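Hi everyone, thanks for making time this morning. Let me put the model up on the screen, and then we can walk through it together.

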Amino acid sequence: MASQEIEALTGALARLPGLGPRSARRAVLHLVKKREGALIPLLSALQAVEERLATCSICGNVDTIDPCAICVDPRRDARSLCVVEEVADLWALDRSRLFPGRFHVLGGRLSALEGVRPEDLSIDQLVRRIEAGGIDEVVLAMNATLEGQTTAHYIAERLERYPVRLTQLAHGLPVGGELDYLDEGTLAQALRARRPVA
């Protein structure tokens, strides 16, 4: 049996997404075994982040500075704004380096079942950013779920009176996907969004 402190560390790691009790135990054993090379640098990094962690007052990103590095980057196209549900979505899109503009994190999605209402999200802040001007296009990058599409529809209604072009991420067949393995919803969306062959 491990000590109470090691069990507490295992329990804390097991609560992280993607880690269950077994994975957490393996991670703790690795950290204990590689104390100098893994545990001490991890503790140092966690402490540094805890001391400097900030939520961007402009877009809602998580960074160690406010405004975040994306919002202050002069190379970013300030006229293009991509709206995402969560910080993880922002990081995924930014990692791809395909979107040159700036972002806005809603902090979730509308959900009647979970009791998430428009006022629980940063939709009002988004509207204020649009009202301030200087934005030509808003890309609604919601997840392809019922709640994500409901959120996108609600935002589109809120922004329809502003002179911005609203676009949405395409949905459909994944690159390399085989038709036999796709669900009916994905197939239906791919058929609805079909385009002419060039």
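Predicted model: local features only at pLDDT ≥ 70, side-chain atom pairs only at ≥ 80, totals over all residues.

Residues are numbered from 1 along each chain as its sequence is written, and side-chain values use heavy atoms, with hydrogens and water left out.

So, the layout. The protein has eight helices and six strands; these are DSSP runs numbered from the N terminus, with helices being H or I of at least four residues and strands E of at least two. Reading from the N terminus, the order is α-α-α-β-β-α-β-α-β-α-β-α-β-α. The radius of gyration is 21 Å, well over the 16 Å that the globule rule gives for 198 residues, so the protein is more spread out than a compact globule. For that, we take C-alpha atoms, and the rule is 2.2 Å times the number of residues to the power 0.38. Along the principal axes, the C-alpha atoms fill a box of roughly 60 × 45 × 40 Å.

Buried residues make up 31% of the 198, where buried means under 20% relative accessible area, exposed over 50%, and partly exposed in between, with a 1.4 Å probe and protein chains only.

Now, which residues have the most contacts inside the largest nonpolar core? They are Val 83, Leu 126, Ile 130, Val 138, Ile 155 and Leu 159, in a core of 18 residues. By nonpolar core I mean buried Ala, Val, Leu, Ile, Met, Phe, Trp, Tyr and Cys residues joined through side-chain atoms within 4.5 Å. Strand S3 (77-84), helix H6 (123-131), strand S5 (137-140) and helix H7 (146-159) each give two or more residues to this core, and H6 gives the most, with four.

Have a look at Ile 155: leaving aside neighbours within four places in sequence, Ile 155 is in contact (heavy atoms within 4.5 Å) with Val 83, Leu 106, Ile 123, Leu 126 and Leu 140. Apart from this core lies another, of 14 residues, including Cys 56, Ile 70, Cys 82 and Val 139.

Last stop: Ile 135, in the loop between H6 and S5. Is Ile 135 buried or exposed? Ile 135 counts as buried, because its relative accessibility is 11%. Beyond neighbours within four places in sequence, Ile 135 is in contact with Ala 78, Arg 79, Leu 81, Arg 129, Ile 130 and Val 164.
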